[in-house]
Amino acid sequence: MKVIRYRIYLEQPVLATQILGDPNSSVSFSYIPGSQLRGMLIHRFCERSRRLREDAVAQDPQCRRLFFSGQTRYLHAYPLVEESGLRSLPTPRAFFRRKGGKDNTVYNAAHKDFDRRAAEGDDTLKPITVPFCRIENDSLALYEPKPNRLAVHIARERAKGRATEGGGAIFQYDALAPDQWFGGVVLIDNDDDAETLRALLPGPAWLGRSRSAGYGKVRIELEPDPSGPWREVGGAYPTLPVEQPATITLLSDTVLRDERGNPALTIDAATLGTYLGTPVTAIDDVHSFSAALPQGGFNRTWKLPLPQAYALAAGSTITFTPQKTLDVAAVRRIEEQGIGERRAEGFGRVAFGWLTEETLSAREGELYRVREQAPDLTPASRAMLQQMARRLLELRIEEQIARFVRDQVIPHAGQMPANSQLGRVRVLLRRAMREGYNFAAVRQGLNSFKAAGRRQFERARITNTTLWTWLEGLLADPPARDVWEVIGLQQSSWPPIAGERAAPDPALTRVVTIRLIDAVLTGASRERKRMEDAR
């Protein structure tokens, strides 16, 4: 078996639509389905083989082997994580942890020693909802992809080019956010097909829906071949001894059918035994966790939706007892081929014996980002880049301060102190500016306020605290409130220029603090005056 690994960079939002939500909206998966990669490769194959049309690929023997027979399997592209660029996997549904997140311990409810009945009476134990993870021994790293890009669109009447009363509609797209990386895998049984697919994969590509509306542009890069035997969850393939409890974890949604041919909403011993090729004594319901969800699709050639069917959700974990030993060769064959239907599209991926530890230590992991290589620069060039980065940072500071005033101050201007009291503080700020942004002068002036004036600041609210407390936190020495965190511009997010960022500067922090406070008071004062004039 040949393995092709690749990574996808999203240059634009991508609509990988699932069956979910309002009919007037499209909600994307949190990953890129293998069917989208397969469809893109079919289109490229037809372009390079001009003898083929897209409606005739199903009759071509090579096309059937490459795209439809299951001999080539296009796994879903899950988010890449950490600096090493590892491919994440769905979080098992058997993982639980304490409510509140203070305890980093994760409990594996599929473990034979886990007491599920006792846990059901413990309302502090909740399932993990973070969608992706990596497991290394007893360490669990959890990964949350970037929040989806939500956009509202208006359908227009084609003839008039605008929305009309009879031909317009409002709908929204909940798409994968751009500027993130996903990792995919292609498994190929016929070694001769590997080079064909390697030539088709890399380069710019378009995936998903609404490509003419600013969605779907991606870049695909090939990764080096694995140096040794490849397994989706890593590590060695296990042996499943006869009459010993074993676990199977679904690494993608899996379409199974029971003995009557109906889609399986849950899995029983007979159904599992049929797909594993060995009898199964029983399913341990106490240590099994699964869910079902609808799956569909769309055929662009036919311009018709695919039949919908229920599938067992990714992350489902089943504990069972085999009647015969499954040796390493059998386990490897099942994991490589998968089980169920639509395996060529990435469905039916499984892993045996992946969850071995009773408890794990969890942490929040970081998504993969390409680290910029700093070029070799002369001191003069480096100084110029830092100056440019400083100017870009100052522009971003103005934008963030304006956004803070718009979101946190203007809506609550009616609760702010009288304009005369706001003006007193602004006088103190101007005096501090003349004295080199001296916070002590402002604090001294605030402490001289009489009780009536101070109460006005204590009644006003800003970011879930009083305006007086908020001012004291920013002006304290050392500050009790980080101004960069307040405006949402921590140093890690300062804009770079050719890898160079503006240098941290305590003086700049003091300047931004005074500018933020002055902008808040000025915005509140102007909004109060506007409200008074409108009465």
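This is a predicted model: local features need pLDDT of at least 70, side-chain atom pairs count only at pLDDT 80 or more; totals for chains, interfaces and linings use all residues.
A residue is called buried here when its relative accessible area is under 20%. With 0% relative accessibility, C63 therefore counts as buried.

For C46, the nearest cysteine sulfur belongs to C63 and is 5.7 Å away, so no disulfide is assigned to C46 under the 2.5 Å cut-off. Looking from the other end, C63 has the sulfur of C46 as its nearest cysteine sulfur, at 5.7 Å, and is in no disulfide either.

## Strand β8 and its two partners

Now for a bit of sheet. Strand β8 covers residues 95–98 and pairs with strand β9, residues 105–108, in the antiparallel sense over 3 bridges. β8 also pairs with strand β10, residues 125–127, and this pairing is again antiparallel, over 3 bridges.

Which residues stand opposite R97 in β9 and in β10? In β9 the residue opposite R97 is V106, while in β10 it is K126.

## Backbone points worth a look

Most residues other than glycine have a negative phi, and most peptide bonds are trans.

D179 is not a glycine, yet its phi is positive, at about 60°. You will find D179 in the loop between β14 (169–175) and β15 (181–188). Its relative accessible area is 31%, which makes D179 partly exposed. T463 is another residue other than glycine with a positive phi, near 45°. T463 sits in the loop between β27 (461–462) and β28 (465–466), and at 29% relative accessibility T463 too counts as partly exposed.

Where does a cis peptide bond occur? One joins D477 and P478, with omega about 0°. P478 lies in the loop that runs between α11 (467–475) and α12 (483–486).

Key:
Residues are numbered from 1 along each chain as its sequence is written. Side-chain values use heavy atoms; hydrogens and water are left out. Two strands pair if DSSP finds at least two bridges between them. Helices (H or I, at least four residues) and strands (E, at least two) are DSSP runs, numbered from the N terminus. Buried means under 20% relative accessible area, exposed over 50%, partly exposed in between (1.4 Å probe, protein chains only).
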